[in-house]
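Here is a short briefing on one protein model.

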Amino acid sequence: MNTKRVSMFLALVLVLSVALTGSALADDWSGINLKVSHNLSSTDILQTYLQQAADNINERTQGKVVFDIYPNGELLTYAEAVEAIASDSNVVYYCAFSDWKDYYPGAGAYSAAYVFDSVEQYQEFMTTDFFANTLAELEKQNIHCLQAGWIGGFRHTLTNNPVNSVADLKGQSIRTPANPVWVNCFESLGMNVVGMAWSETLTAVSQGSIDSVEATYGTITGYNCWDYFKYITETKHIIQAECLWMSNNVWNSIPAEYQAIICEEMLAAEQGYVQASIDLENSMRQQCLDNGMEINQTIDLTEFKELAGQYVLEFEIGREMLDVLAGL
């Protein structure tokens with residue numbers, strides 16, 4: 001991946017997105033308070049970078065644009081956030097493309113299992129016309145992508161039994177987001193999927209009603225998952241590639257000069273977050289080992305990909321998506 005190329009492309013998209021919006025005039029604008037909701041821990045590096053961006057935006061706009069950050073899902077659930085954005089509330093939500101599948105069905109393909117092979121591949125994919133078209137389709141539904149590409153690594157499987165093949169997971173229950181994309185992935189592996197909010201998950205694990213979960217290393221360490229699970233299997237089933245979303249109508253109510261500041265600071269924060277996630281993964285893995293977990297990094301994923309990797313083709317855009325990726 002050419003990092004300079006990706007950065008230049010994102011900067012160009014930023015400029016064009018601001019130039020094309022019919023936003024309010026700065027002189028007549030009283031300001032806005034935007035509430036940012038995410039489901040990660042308050043100690044996660046995402047919170048750090050979002051808060052950094054919020055502070056910089058507040059300073060550069062002289063208090064005209066205020067972002068309040070709410071971690072741990074304490075402000076809104078997935079369904080509540082989607083509804084709030086669709087109804088033009090001043091809400092910014094951190095979530096995956098797949099949460100907008102009811103508005104643009106193809107969005108679910110982005111979270112299908114075993115589509116992306118690396119962080120670098122996803123970043124290059126973001127420079128394609130295909131990716132730009134997805135954002136345009138969501139814009140038509142009043143869903144604006146404030147900043148894409150918050151990539152926190154791959155998601156892995158946590159259990160209390162060693163896993164060396166798909167057979168070792170069959171019949172176990174696993175918590176995932178209440179999203180058909182995740183459900184299909186793990187049902188195809190023979191697991192019983194329980195869709196629930198993360199805030200409820202570890203209590204359910206403690207009570208014995210859930211056998212396993214799937215998460216990134218950031219979530220594993222952020223929530224001390226070694227207190228609940230013995231084993232991590234690096235199944236790398238779905239890339240954690242989230243975006244910041246808000247109402248397009250609300251976005252267009254912000255003057256262009258302030259839009260530019262928001263985009264610049266959020267882009268810088270996203271790039272910092274991605275690099276920090278890459279840099280910290282080894283130390284987070286070691287933290288898990290130091291706390292008694294065992295990690296299988298060498299599992300053969302061939303059968304996993306054969307069983308779970310075909311779901312992307314159920315989406316209308318799935319074949320084209322794979323073709324674009326193959327051509328990168």
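The second largest cavity has a volume of about 90 Å³. This is a predicted model, in which local features need pLDDT of at least 70, side-chain atom pairs count only at pLDDT 80 or more, and totals for chains, interfaces and linings use all residues. Residues are numbered from 1 along each chain as its sequence is written, and side-chain values use heavy atoms, with hydrogens and water left out.

**Cavities**

- A cavity is a set of points, on a 1 Å grid over the protein atoms alone, where a 1.4 Å probe fits but cannot get out; lining residues have an atom within 4 Å of a point.
- Grid points are joined across faces, edges and corners, and a volume is the space filled by probe spheres set on the points.
- The lining of the second largest cavity includes L40, D44, Q240, Y273 and M284.
- Helix α10 gives the largest share of that lining, three residues.
- By class, the lining of the second largest cavity has four nonpolar, six polar and one charged residues.
- Here Ala, Val, Leu, Ile, Met, Phe, Trp, Tyr, Cys and Pro count as nonpolar, Asp, Glu, Lys and Arg as charged, and the others, Gly among them, as polar.
- The structure holds three cavities of 30 Å³ or more.
- About 250 Å³ of space lies in the largest cavity.
- Its lining has 18 residues, and L40, Y78, R155, Q240 and E242 lie nearest the centre.
- Strands β3 (91–95) and β10 each supply at least two residues of the lining of the largest cavity.
- That lining divides into 10 nonpolar, four polar and four charged residues.
- Helices (H or I, at least four residues) and strands (E, at least two) are DSSP runs, numbered from the N terminus.

**Salt bridges**

- The structure holds eight salt bridges, each a side-chain nitrogen of Lys or Arg within 4 Å of a carboxyl oxygen of Asp or Glu.
- R60 and E264 meet in one of them, at 2.9 Å from N to O.
- R60 lies in helix α2 (residues 45–60) and E264 in helix α10 (residues 256–290), so this pair ties together parts that are 204 residues apart in sequence.
- R60, E264 and E265 are linked in a network of salt bridges.
- R285 and E234 also meet in a salt bridge, at 2.9 Å from N to O.
- R285 lies in helix α10 and E234 in the loop between β9 and β10 (239–247), so the pair ties together parts that are 51 residues apart in sequence.
- Are these two residues buried or exposed? R285 is buried at 10% relative accessible area, and E234 is buried at 3%.
- Buried means under 20% relative accessible area, exposed over 50%, and partly exposed in between (1.4 Å probe, protein chains only).

**Aromatic rings**

- A search of the whole structure finds 18 aromatic pairs.
- Rings of Phe, Tyr and Trp (its six-membered ring) pair if their centres lie within 6.5 Å; planes under 30 degrees apart count as stacked, over 60 as edge-to-face and the rest as tilted.
- F116 and Y122 form an edge-to-face pair, 4.7 Å centre to centre with 65° between the planes.
- Both F116 and Y122 are buried.
- The rings of W198 and Y223 have centres 5.6 Å apart and planes at 65°, so this pair is edge-to-face.
- One aromatic cluster includes F97, W100, F116, Y122 and W245.

Notes
1 Å grid on protein atoms, 1.4 Å probe; cavity = no way out; pocket = protein on both sides within 12 Å on 5 of 7 lines; lining within 4 Å.
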